[in-house]
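Please examine the structure shown below, and then follow the explanation paragraph by paragraph.

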Amino acid sequence: TPWRRGSWIGVMGGSTAARLLILLLSIVHAVADLPYNYVGESATGLGECEGDCDSDADCDSGLICMQRDGDEDVPGCYDDGGGHFVTGGDFCYDIANTEAPTAGPNPAPTSVP
């Protein structure tokens, strides 16, 4: 993530346009996603991107507990490098951050473009 300390080193020598693009992307990322926050085991009343939840009941209203086996991404969350991401930790997330299902089946592929 471009806004973390030391991560600007590689782009400081770049063009102004490149620096502005990275800044813009970091702002979009910061608004769209939240950093993981591992509160601990048996926690309740967890907010978005907080863990470790054991069921949806551990999350704030409207959030879902994502049970993970490894380091799968949790929709709407990111690792900010602050040590709050735990491999296998389960985090609450907002289902609105997932891709919406299609209204019906997608058409079968054809050999003609």
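Cys53 and Cys65 form a disulfide (a pair of cysteine sulfur atoms within 2.5 Å), with their sulfur atoms 2.1 Å apart. The torsion about this S-S bond is about 90°, so the disulfide of Cys53 and Cys65 is right-handed. The pair links distant parts of the chain, 12 residues apart: Cys53 in the loop between strand 3 and strand 4, and Cys65 in strand 4. Strands (E, at least two residues) are DSSP runs, numbered from the N terminus. Both cysteines, Cys53 and Cys65, are buried, a term that means under 20% relative accessible area with a 1.4 Å probe, protein chains only.

This is a predicted model, in which local features need pLDDT of at least 70 and side-chain atom pairs count only at pLDDT 80 or more, while totals for chains, interfaces and linings use all residues. Residues are numbered from 1 along each chain as its sequence is written, and side-chain values use heavy atoms, with hydrogens and water left out.

A second disulfide joins Cys59 and Cys92, with sulfur atoms 2.0 Å apart. Its torsion about the S-S bond is about -85°, so the link of Cys59 and Cys92 is left-handed. Cys59 lies in the loop between strand 3 and strand 4, whereas Cys92 belongs to strand 6 (residues 91-94).

Cys53, Cys59, Cys65 and Cys92 are also among the 7 residues of the largest nonpolar core, a set of buried Ala, Val, Leu, Ile, Met, Phe, Trp, Tyr and Cys residues joined through side-chain atoms within 4.5 Å. In soluble globular proteins, nonpolar side chains tend to be buried together.

Notes: Buried means under 20% relative accessible area, exposed over 50%, partly exposed in between (1.4 Å probe, protein chains only). Helices (H or I, at least four residues) and strands (E, at least two) are DSSP runs, numbered from the N terminus.
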